[in-house]
Amino acid sequence: MRFIGITGAIGAGKTEIINYIKTNYSCEVYLADEVAHWVKEKGTLGYERIVTLLGDEILDVDGEIHKGKMAEKIFADETLLEQVNHIIHPLVQEFLLDKYRKAKENNCCQYFFVEAALLIEAGYSDLVDEMWYVYADRETRRRRLMENRGYSEEKIRSIFSKQLSEEEFRRACDFVIDNSGTKEDAFRQVDARLCKQKM
C-alpha cells in the first residue's frame, strides 16, 4: 500500500483531484485540515492543551473550541500561533500514521492519501512514500479564487505571498499534476501515475 501526500497552492484544484481518486481507486483519503479539527475536539488531548494555552475565552457556548475566536487570538500573536501549531501538527501526524498502520494491517486498500496545502512545511516528506504537487498557473488560480470563492485581488495577493513558490513545491515533490487545463486532462495524469489500477 502506497502512502501518498497531495499538496499544492490555493486554487490549484486539489479537492477535484482528491474527489476523483476517492471515486475511482481503492484507497483511504484524509484531509489534514479535517483531522486538525478532530484532534482538538472536546475531550481530546489537543483540546486540553490548546485551552490551557489560550484560555476559556476561545470556547463557544457548548464548550468546544470556536474556530473564529481561536484564529483571532493566535493570528494576532505569532508566538501563540507557533505554539498551537506545535500542539496540533504532531497530533495530526500521529492520527494519520495510526490510520495508515491499521489500513495496512487490514489490507483494505491499495493507496492511502493525505491532502493539505502545508504538507511540505509540516515535514510530511519524511512520512509519505510519494509527494504529489497539484499545479495550476498563477492566473488560473487567481481566476478560480475570484469566481468560485469571491476573493478580492488584495486577499489573493496576500494568500499567494505566504505560500511556497512553484520552484519550492516542485523541488519537494515526486510527481506533478498540471491542473491548469481541463479536469479530464488532470485525471488522465492521475491514471497514468497509478497505472489505472482502479477499483
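Which residues have the most contacts inside the largest nonpolar core? They are Ile50, Leu54, Ile65, Val92 and Val114.

## Basis of the model

This is a predicted model, in which local features need pLDDT of at least 70 and side-chain atom pairs count only at pLDDT 80 or more, while totals for chains, interfaces and linings use all residues. Residues are numbered from 1 along each chain as its sequence is written, and side-chain values use heavy atoms, with hydrogens and water left out.

## Nonpolar cores

The largest nonpolar core has 38 residues. Such a core is a set of buried Ala, Val, Leu, Ile, Met, Phe, Trp, Tyr and Cys residues joined through side-chain atoms within 4.5 Å; buried means under 20% relative accessible area, exposed over 50%, and partly exposed in between (1.4 Å probe, protein chains only). At least two residues of this core come from each of α2 (32–38), α3 (45–54), α4 (67–74), α5, β3 and β4 (130–135). Helices (H or I, at least four residues) and strands (E, at least two) are DSSP runs, numbered from the N terminus. Helix α5 supplies the largest share, 9 residues.

Leaving aside residues up to four places away in sequence, Val114 touches Phe3, Ile4, Gly5, Ile6, Tyr30, Ala32, Leu96, Leu119, Tyr124 and Val128; contact means heavy atoms within 4.5 Å. A second, separate core of 20 residues includes Tyr20, Ile21, Trp132 and Leu194.

## Aromatic pairs around Tyr30

The structure holds 13 aromatic pairs. Rings of Phe, Tyr and Trp (its six-membered ring) pair if their centres lie within 6.5 Å; planes under 30 degrees apart count as stacked, over 60 as edge-to-face and the rest as tilted. Tyr30 and Phe95 form an edge-to-face pair, with 6.0 Å centre to centre and 80 degrees between the planes. This pair links strand β2 (residues 27–31), which holds Tyr30, to helix α5 (residues 78–106), which holds Phe95, across 65 residues. Tyr30 is buried, at a relative accessible area of 13%, whereas Phe95 is partly exposed, at 23%.

Tyr30 also forms a tilted pair with Phe112, at 5.5 Å centre to centre and 35 degrees between the planes. Because Tyr30 lies in strand β2 and Phe112 in strand β3 (residues 111–115), the pair ties together parts that are 82 residues apart in sequence. Phe112 is buried, with a relative accessible area of 0%. Ring pairs link Phe3, Tyr30, Trp38, Phe95, Tyr100 and Phe112 into a cluster.

## Charges over rings

The charged end of Arg141 sits over the ring of Phe160, 4.3 Å from its centre. The criterion is that NZ of Lys or CZ of Arg is within 6 Å of the ring centre and within 35 degrees of the ring normal. Arg170 lies over the face of Tyr135, 4.9 Å from the ring centre.
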